Amino acid sequence: MAMLALPFLVFGSCVPETTTSGMMPYKKGFENLSSVTIFGTGTEKAEELYLNLLDDIGELQKKYSSSWTVTFSGESLDEALASYDEQALEGYDDAVAAMQGLLDEFETTVGSGDFGKGSFELVYVYKVSRDKVLAESEEFTFAYSGSNQGGQEPDPDPDPDPEPSGPAKFGDYYYSDGTWSTELDPSKTVIGVVFWTGDPTGQDPTLKKDHPECTNGLALAINGEEFSTWQSNFSAYGERVDDWVSANTSFHSIATTVEPGDHFNQILGYNHTKAIEAFNAAQENSGWPVDAVQKAVEYRSAVPAPSSSSDWYLPSPKEIFIICNKDVDNIYYYTPMVQDNMLELNKVLATIDGAQQLGTDELSFYRTSAEASYYDSPSYKDKSYSMSFIMAIISPNSKTFEQSLVRFVLAF
């Protein structure tokens with residue numbers, strides 16, 4: 001029997017719609033744009049005014065600041081995130097009104113009170129953002145300048161950039177105004193302790209480009225130490241951050257072997273941190289940011305650094321080794337494994353109110369900003385370098401290990 005050939009009819013098309021999906025981090029809160037203080041002898045009232053103001057601002061930060069991550073899917077990024085954007089903006093007007101109310105109250109207090117000598121200025125904005133800024137308020141400027149109220153004369157022409165009294169030394173106190181001293185100055189705010197002296201811009205080209213004035217040394221933050229993964233969602237990313245950095249930026253590589261000739265033995269924490277900040281800021285990396293560097297960025301708002309510094313960053317292997325042991329040419333193969341610098345720094349930290357000692361955790365693994373690399377071996381993609389301050393050993397450590405610590409440094 002002959003087969004009847006039937007035409008193949010197409011009644012419609014089933015082409016799938018193009019969609020976008022992923023994870024998006026959100027953040028909202030008050031951001032400190034600048035912080036300047038000029039205190040000295042006879043400025044106790046102004047300092048008390050300043051500290052009370054910080055407490056009030058801190059309460060608003062707790063109430064109106066938060067960060068979270070959402071999972072999205074839709075035809076376009078903005079369409080998929082529309083409802084999340086709307087939720088993120090809830091409370092924006094209340095936060096702005098609360099800060100404006102605090103500013104009005106502060107100005108009334110300053111106008112009717114007697115706070116004598118001294119001066120300060122704090123500038124904040126309220127910002128809601130994801131991979132872009134969704135809303136940003138006008139600046140809130142809290143300023144006080146010493147007057148002759150109460151019979152006290154103001155400091156004549158105060159110097160906004162006071163000069164330190166000589167070259168920095170290991171163990172010096174580093175202050176919020178960018179100065180340092182060997183003896184504690186109770187009239188100033190300590191934010192760091194000097195752990196290395198010299199010119200770090202000679203080793204870090206990014207630091208030299210951004211902050212050529214930072215040629216005096218490095219300082220360790222007095223606090224801010226907490227547990228952190230390096231990259232908690234590494235399993236979803238599965239590659240080295242350095243691969244993205246090398247393909248998309250001009251920063252120095254953040255991946256290194258432990259060999260003497262590699263940059264494992266260089267002061268490069270500022271470069272590494274800035275490279276990772278670029279990675280974190282890219283939309284395609286929103287689902288797997290480097291958590292340890294995010295915490296460094298958050299610390300900058302909590303403890304403002306002077307404009308004469310690099311601001312806070314996550315140290316490189318060489319820098320974290322110096323903090324624990326001392327400055328040597330070959331940190332991986334160096335013996336003896338001791339904590340010489342850590343012990344001396346702890347003596348200084350013990351004299352500072354609110355400071356955290358080093359090496360108090362059972363393991364005391366401190367994270368660095370460098371990824372581990374064994375040439376082209378794929379087995380090291382999931383590791384960055386950490387140093388045990390208990391054993392005084394630096395080695396590759398899982399990026400997702402939750403019991404490693406972060407502690408930040410700055411160049412000045």
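This is a predicted model: local features need pLDDT of at least 70, side-chain atom pairs count only at pLDDT 80 or more; totals for chains, interfaces and linings use all residues.
Most residues other than glycine have a negative phi. Alanine 392 has a relative accessible area of 4% and is therefore buried.

Isoleucine 390 is found in the loop between strand 13 (383–388) and strand 14 (393–398). With a relative accessible area of 41%, isoleucine 390 is partly exposed. Together with Met337, Met391 and Ile393, Ile390 makes a nonpolar surface patch of about 360 Å². A positive phi, near 55°, is also found at serine 364. Serine 364 is located in the loop between helix 10 and strand 12, and it counts as buried, at 0% relative accessibility.

The protein chain as a whole contains ten helices and 16 strands. It has 412 residues, of which 47% count as buried. Of the contacts between residues at least 6 apart in sequence, 70% join residues at least 24 apart. The chain exposes about 19,900 Å², and carbon and sulfur atoms supply 51% of this area.

In soluble globular proteins, nonpolar side chains tend to be buried together. The largest nonpolar core of the model comprises 40 residues, and those with the most contacts inside it are Phe195, Ile323, Leu358, Met387 and Phe389. At least two residues of this core are supplied by each of strand 6 (173–175), strand 8 (190–197), strand 9 (217–221), helix 9 (317–324), helix 10 (340–349), strand 12, strand 13 and strand 16 (409–411). Helix 9 gives the largest share, five residues. Leaving aside residues up to four places away in sequence, isoleucine 323 touches Phe195, Leu220, Asn341, Met342, Leu345, Leu358, Phe389 and Val409. A second, separate core holds 34 residues, including Tyr64, Val70, Leu77 and Leu102.

Helix 6 (residues 241–248) has Val241, Asp242, Trp244 and Val245 as its buried residues. Viewed down the helix axis, these residues fall within an arc of 160°, so they line one face of helix 6. The elements that cover them include helix 5 (234–237), strand 11 (255–256), helix 7 (269–281) and strand 12 (365–372).

Side chains of opposite charge can pair when their charged atoms come close. The structure holds 17 salt bridges. In one of these, aspartate 177 pairs with lysine 188, and the closest N and O atoms are 3.3 Å apart. This pair links distant parts of the chain, eleven residues apart: aspartate 177 lies in the loop between strand 6 and strand 7 (180–181), and lysine 188 in the loop between strand 7 and strand 8. Aspartate 177 has a relative accessible area of 18% and counts as buried, because the cut-off for a buried residue is under 20%. Lysine 188, with a relative accessible area of 26%, is partly exposed.

A salt bridge also joins the side chains of lysine 295 and glutamate 226, at 3.4 Å from N to O. Here, too, distant parts of the chain are linked, with lysine 295 in helix 8 (residues 291–302) and glutamate 226 in strand 10 (residues 226–227), 69 residues apart. Glutamate 226 is partly exposed, at 35% relative accessibility. The side chains of lysine 209 and aspartate 210 meet at 3.0 Å, N to O, in a further salt bridge. Lysine 209 is exposed, with a relative accessible area of 63%, whereas aspartate 210 is partly exposed, with 32%. A network of salt bridges links Asp78, Asp85, Arg130, Asp131 and Lys132.

Helix 2 (residues 77–88) contains alanine 82, which is partly exposed at 41% relative accessibility. Alanine 82 is ten residues from phenylalanine 72 in sequence, and their C-alpha atoms are 10.0 Å apart in space.

Conventions. Residues are numbered from 1 along each chain as its sequence is written. Side-chain values use heavy atoms; hydrogens and water are left out. Helices (H or I, at least four residues) and strands (E, at least two) are DSSP runs, numbered from the N terminus. Buried means under 20% relative accessible area, exposed over 50%, partly exposed in between (1.4 Å probe, protein chains only). Contact means heavy atoms within 4.5 Å. Accessible areas come from the Shrake-Rupley method with a 1.4 Å probe; for residues, only the protein chains shown count as cover. Patches are made of residues with over 30% relative accessible area and no salt bridge: like charges are joined within 9 Å, nonpolar side chains (Val, Leu, Ile, Met, Phe, Trp, Tyr) within 5 Å. A salt bridge is a side-chain nitrogen of Lys or Arg within 4 Å of a carboxyl oxygen of Asp or Glu. The arc is that of the directions from the helix axis to the C-beta atoms. A nonpolar core is a set of buried Ala, Val, Leu, Ile, Met, Phe, Trp, Tyr and Cys residues joined through side-chain atoms within 4.5 Å.
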